[in-house]
Amino acid sequence: MWSSVTAAGTENGPAPPSRSKHSATLLAGHVYLLGGRNGNLPLKDLWRYSLAESKWEELHPGGERPPALQEHSAVAYKDCLYVFGGELGFSAGTETPLWVYNVKPASYYIEKTLNDLPYDEGSFVEKAARARDENVSLSLASAVTQRDDFSSG
């Protein structure tokens with residue numbers, strides 16, 4: 001059965017504006033809300049909702065921040081949020097890298113881009129097709145696994 005979850009009240013701080021085309025990811029008792037857009041306004045913000053305290057908090061992490069992404073995907077793994085793909089503002093032709101947000105030091109970094117593939121020409125679709133043909137995985141799960149393998153050795 002569905003039930004509505006509301007923040008404890010404005011006395012507990014601000015809440016994010018309404019939005020669409022964003023990501024919401026559960027990690028360690030918090031829901032992380034990233035980007036999307038509010039009407040025609042692209043959003044670049046990152047919010048964290050505490051399930052225990054029913055309270056929103058806007059986060060301002062260090063490191064290079066992702067652009068105003070919309071229609072992107074995000075997953076949680078260990079202490080990190082992995083954000084991949086999406087559109088920049090209203091442009092569908094710009095490639096976006098895999099972004100990682102580490103909740104422990106609260107910072108972003110870039111993991112991989114499609115430009116890292118050994119192909120100098122072609123669109124995103126052509127690169128994805130070539131990568132598939134060459135058995136190069138562009139999946140988020142593969143990128144997470146590869147990063148984990150490198151960091152443990």
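Guide: The open sheet has four strands in the order β1-β2-β5-β6, paired antiparallel. Strands are DSSP runs of E of at least two residues, numbered from the N terminus, and two of them pair if DSSP finds at least two bridges between them. β1 (23-27) and β6 (55-59) are the edge strands; each has a single partner, so one side of each lacks a neighbour in the sheet. From one strand to the next the twist averages 25°, with axes fitted as lines to C-alpha atoms and angles running from 0 to 180 degrees between N-to-C directions.

This is a predicted model, in which local features need pLDDT of at least 70 and side-chain atom pairs count only at pLDDT 80 or more, while totals for chains, interfaces and linings use all residues. Residues are numbered from 1 along each chain as its sequence is written, and side-chain values use heavy atoms, leaving out hydrogens and water.

Within the sheet, β2 (residues 30-34) and β5 (residues 46-50) run antiparallel and are joined by five bridges; Tyr32 has Arg48 of β5 as its bridge partner.

Tyr32 also belongs to the largest nonpolar core, which has 10 residues, including Leu27, Leu34, Leu46 and Leu59. Such a core is a set of buried Ala, Val, Leu, Ile, Met, Phe, Trp, Tyr and Cys residues joined through side-chain atoms within 4.5 Å, buried being under 20% relative accessible area with a 1.4 Å probe, protein chains only. Two or more of the core residues come from each of β2, β9 and β11 (98-102).

Conventions. Buried means under 20% relative accessible area, exposed over 50%, partly exposed in between (1.4 Å probe, protein chains only).
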